[in-house]
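Subject: Handing over a structure

Hi there,

Here is the structure I promised to pass on to you. Please open it alongside this note, and then read on for what turned up.

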Amino acid sequence: MGRVTRDGHVAWTFEQDLSVRPEYSATCLVGEGEDCGEVIRSVGVEWIEEWMRRHTRTTGHVSYRRAVDDYVTLEPVATRSET
């Protein structure tokens, strides 16, 4: 079970939606004293890491922000009176 929160009298649960693959991204943060601006998005972390290796080899930039976006569903939790 995921995290449960309450909104008024209704309890909700947050569950990762396993029917949708997470999305990975990487942003190059350094380049000649400014942000480089290069960004890559993929559903595979392996491709993100390969892109960072290639970008570093080409540019010499070594600082990146990597992020993972996943998808969740929000469902009401059945209360004792409903079961």
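To start with a term that comes up below: a salt bridge here is a side-chain nitrogen of Lys or Arg within 4 Å of a carboxyl oxygen of Asp or Glu. By that rule, Glu 50, Arg 53 and Arg 54 are linked in a network of salt bridges. Please keep in mind that this is a predicted model.

**Confidence and layout**

The average pLDDT of the protein is 84, and 80% of the residues score at least 70. Confidence is highest in α1, at 95, and lowest in strand β1 (residues 3-7), where the mean is 62.

The protein has one helix and six strands, and along the sequence they follow the pattern β-β-β-β-α-β-β. Of the 83 residues in the protein, 22% are buried. Among the contacts with a separation of 6 or more, 48% come from residues 24 or more positions apart.

**The salt bridges**

How many salt bridges does a search of the whole structure find? It finds three.

The side chains of Arg 53 and Glu 50 meet at 3.0 Å, N to O. Both of these residues lie in helix α1, three residues apart, which is about one turn of the helix. Arg 54 also meets Glu 50 in a salt bridge, at 2.9 Å, N to O. Because Arg 54 and Glu 50 are four residues apart in helix α1, about one helical turn separates them. As for accessibility, Glu 50 is partly exposed, with a relative accessible area of 23%. Arg 53 is partly exposed at 48%, and Arg 54 counts as partly exposed at 41%.

Another salt bridge joins Glu 49 and Arg 66, whose closest N and O atoms are 3.0 Å apart. Glu 49 lies in helix α1 and Arg 66 in strand β5, so this pair ties together parts that are 17 residues apart in sequence. Glu 49 is partly exposed, with a relative accessible area of 30%, and Arg 66 is partly exposed at 49%.

**The core and the aromatic pair**

The largest nonpolar core has eight residues: Tyr 24, Ala 26, Cys 28, Ile 40, Ile 48, Trp 51, Met 52 and Tyr 64. The elements that give two or more residues to this core are β3 and α1 (45-59). Ala 26 touches several other core members, including Ile 40, Ile 48, Trp 51 and Met 52. Its contacts beyond four places in sequence also include Glu 38, Val 39, Arg 65 and Arg 66.

Which residues form an aromatic pair? Trp 51 and Tyr 64 do, in an edge-to-face arrangement with 5.9 Å centre to centre and 75° between the planes. The pair links distant parts of the chain, with Trp 51 in helix α1 and Tyr 64 in strand β5 (residues 64-69), 13 residues apart. Both Trp 51 and Tyr 64 are buried.

Is Ser 25 buried or exposed? Ser 25 is buried, since its relative accessible area is 9% and the cut-off for buried is under 20%. Ser 25 lies in strand β3 (residues 23-28). Leaving aside neighbours within four places in sequence, Ser 25 is in contact with Ile 40, Arg 41, Ile 48, Arg 65, Arg 66 and Ala 67.

Ala 11 sits in strand β2 (residues 10-16) and counts as buried, at 7% relative accessibility. The C-alpha atoms of Ala 11 and Val 77 are separated by 5.4 Å, although the two residues are 66 residues apart along the chain.

Glu 75 belongs to strand β6 (residues 72-76) and counts as partly exposed, at 42% relative accessibility. Not counting residues up to four places away in sequence, Glu 75 touches Ala 11, Trp 12 and Thr 13.

Notes
Residues are numbered from 1 along each chain as its sequence is written. Side-chain values use heavy atoms; hydrogens and water are left out. Buried means under 20% relative accessible area, exposed over 50%, partly exposed in between (1.4 Å probe, protein chains only). Contact means heavy atoms within 4.5 Å. A nonpolar core is a set of buried Ala, Val, Leu, Ile, Met, Phe, Trp, Tyr and Cys residues joined through side-chain atoms within 4.5 Å. Rings of Phe, Tyr and Trp (its six-membered ring) pair if their centres lie within 6.5 Å; planes under 30 degrees apart count as stacked, over 60 as edge-to-face and the rest as tilted. pLDDT is the predictor's confidence in each residue, from 0 to 100.
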